[in-house]
Amino acid sequence: MLITKQSWIRISLFNLFIVAFLGVLMRYKISFEFPLLHQKNIQHAHSHFAFAGWVTQTLFFLLVNYLDKRNLKINVFKRYKKLLLLNLICAYGMLISFTTNGYDFISIFFSTASIFISFFLQFIFIKI
């Protein structure tokens, strides 16, 4: 599976679209009945996905892109691809679990894993 720089940009923009959609859904739910979803769960999904799925994912891409432009003797995107994908999996895990169940074991697991992935990526980034 080949993910290019343009693919990572598209993923970040798609995640921004999801964040915006959740924001609209939250406002819609204030005035109209939407029986399947709870307002608080949407709010938590929106905030966690906005941070992990959009902001953090975009910052990770920009950091990796910065290293790539420095012309290091390593394939930077290949080296960081797993961490970018793991962060994306955690972000979507939070999106789904917070939307359906709110705070529970699964959503806290994905949230905590996302934090550890962030620390690990920054540790490797600073080390280079």
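What percentage of the 128 residues in the chain is buried? Buried residues account for 42% of them. The model is predicted.

## Overall fold

The chain has 4 helices and 0 strands. Its pattern along the sequence reads α-α-α-α. The C-alpha trace spans about 55 × 30 × 25 Å along its principal axes.

Take the contacts between residues at least 6 apart in sequence. Of these, 70% link residues at least 24 apart.

## Surface

## Helix α3

Helix α3 covers residues 76-101, a run of 26 residues. From first C-alpha to last, α3 reaches 37 Å. That is close to the 38 Å expected at 1.5 Å a residue.

α3 also has a bend of about 35°, located at K82. G102 follows the helix, and the phi of G102 is positive, near 75°.

F60 sits in helix α2, which runs over residues 39-69. Is F60 buried or exposed? F60 counts as buried because its relative accessibility is 4%, and the cut-off for buried is under 20%.

Which residues does F60 touch, leaving out those up to four places away in sequence? They are L84, N87, I117, S118, L121 and Q122.

L121 shows how sequence and space can part. F60 and L121 are 61 residues apart in sequence. Their C-alpha atoms are 8.1 Å apart in space.

Note on methods:
Residues are numbered from 1 along each chain as its sequence is written. This is a predicted model: local features need pLDDT of at least 70, side-chain atom pairs count only at pLDDT 80 or more; totals for chains, interfaces and linings use all residues. Side-chain values use heavy atoms; hydrogens and water are left out. Helices (H or I, at least four residues) and strands (E, at least two) are DSSP runs, numbered from the N terminus. Buried means under 20% relative accessible area, exposed over 50%, partly exposed in between (1.4 Å probe, protein chains only). Contact means heavy atoms within 4.5 Å. The expected span of a helix is 1.5 Å times one less than its number of residues. The bend at a residue is the angle between axes fitted to the seven residues ending there and the seven starting there.
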